[in-house]
Each structure stands twice: as structure tokens, then as C-alpha cells.
Amino acid sequence: MNHYETVFILNPVLSEDQIKETVKKYEDFLVSEGAKMVNKEDWGLKKLAYPIQHKKSGFYHMFEYEVVGPTIDPLEVMFRRDERMMRYLTVKLDKHAIDWAKERVKRIKTGA
């Protein structure tokens, strides 16, 4: 099993229910493919560095999970087909990035 992190930006015109539904859809897909969710974060509405699809902001979400490699391709195909998705990035974490991610989560939970 490989350790991955996916950050995606959703369209800012979506309602809160639509955002929750979209995030749940992708989380359910990963779990159905045998992924173990390590961490999920909702970073909220943020201003973009440059306009994407004529939008200046978007809802950011991050998934950190462990799954076998072939699962990533169907996930990204789903991202490309979804009109609510503005951008996404999936990276495979090495051992140093995994340690850093664990430390970051620990700092967030303690409020440091």
C-alpha cells in the first residue's frame, strides 16, 4: 500500500450540502477501493492565486490515505469528469513526507 495525499478545489458557487455530498462521494469511492483514510481536512473557502474558470476563490479539501497505486487513475478520471471540481493534485508521499504530515496533524490537534 502506498501513502497518498490529494488536495482538490471545489467550485465556490456550491452550497454547503453540495460540497459535503461531493467530498463524501470521493471519500466513499476511496474506501470502496480499499483505501485507509489517514486524515481529512476541510480548509474552507480560500482566495486563489490566479483565476480558474473565471472564479477567484474555491473550497479546498485534503485527503491523506493509504491505497494501492492503480486506484489513483480512476479517482482522477472522476475528478476530470466532475464539473464541480476546479483543480486537484495527488502526490505519493515518501517516508519523510509521511513523518511531516503526522507532525502537522499533531500540531493542528494540539493547537500549537
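The structure is a predicted model. In this model, three helices and four strands make up the secondary structure of the chain, and their order along the sequence follows the pattern β-α-β-β-α-β-α. The radius of gyration is 14 Å, close to the 13 Å given by the globule rule for 112 residues, so the chain is as compact as a globular protein of that length. Along its principal axes, the C-alpha trace spans about 40 × 35 × 25 Å. Of the 112 residues, 41% count as buried. Among contacts with a separation of 6 or more, 77% are accounted for by residues 24 or more positions apart.

The four strands form an open sheet with antiparallel pairing, in the order E2-E3-E1-E4. Strands E2 and E4 (85–92) are the edge strands, each pairing on one side only. From one strand to the next, the twist averages 20 degrees. Strands E1 and E3 run antiparallel and are joined by nine bridges; as an example from this pair, His3 has Glu66 in E3 as its bridge partner.

Next comes helix H1. This helix covers residues 16–32 and lies across E1, E2, E3 and E4, running at about 25 degrees to E3. Which residues of H1 are buried? They are Ile19, Thr22, Val23, Tyr26, Glu27, Phe29 and Leu30. These residues cover an arc of only 155 degrees around the axis, which puts them on the same side of H1. The buried residues of H1 pack against E1, E2, E3, helix H2 (72–81) and E4. On the other side of H1, Asp17, Lys20, Glu21 and Ser32 are exposed. Just after the helix, Gly34 takes a positive phi of about 95 degrees.

With 16 residues (95–110), H3 reaches 23 Å from its first C-alpha to its last, close to the 22 Å expected at 1.5 Å a residue. Ile98, Ala101, Arg104 and Val105 are its buried residues. Viewed down the axis of H3, they fall within an arc of 125 degrees, so they line one face of the helix. Their packing partners are strand E1 (2–10), strand E2 (36–52) and strand E3 (55–67). H3 lies across these strands, E1, E2 and E3, and runs at about 85 degrees to E2. Lys95, His96 and Thr110, on the other side of H3, are exposed. Gly111 follows the helix and has a positive phi, near 80 degrees.

Leu48 sits in strand E2. Is Leu48 buried or exposed? Its relative accessible area is 8%, which means that Leu48 is buried. Leaving aside residues up to four places away in sequence, Leu48 touches Ile9, Lys55, Lys56, Ser57, Gly58, Tyr60 and Met86. Ile9 lies 39 residues from Leu48 along the chain, yet their C-alpha atoms are separated by 9.6 Å.

Technical notes:
Residues are numbered from 1 along each chain as its sequence is written. This is a predicted model: local features need pLDDT of at least 70, side-chain atom pairs count only at pLDDT 80 or more; totals for chains, interfaces and linings use all residues. Side-chain values use heavy atoms; hydrogens and water are left out. Helices (H or I, at least four residues) and strands (E, at least two) are DSSP runs, numbered from the N terminus. The expected span of a helix is 1.5 Å times one less than its number of residues. Buried means under 20% relative accessible area, exposed over 50%, partly exposed in between (1.4 Å probe, protein chains only). The arc is that of the directions from the helix axis to the C-beta atoms. Contact means heavy atoms within 4.5 Å. Two strands pair if DSSP finds at least two bridges between them. Axes are lines fitted to C-alpha atoms, for helices over the stretch in contact, and angles run from 0 to 180 degrees between N-to-C directions. The radius of gyration is taken over C-alpha atoms; the globule rule is 2.2 Å times the number of residues to the power 0.38.
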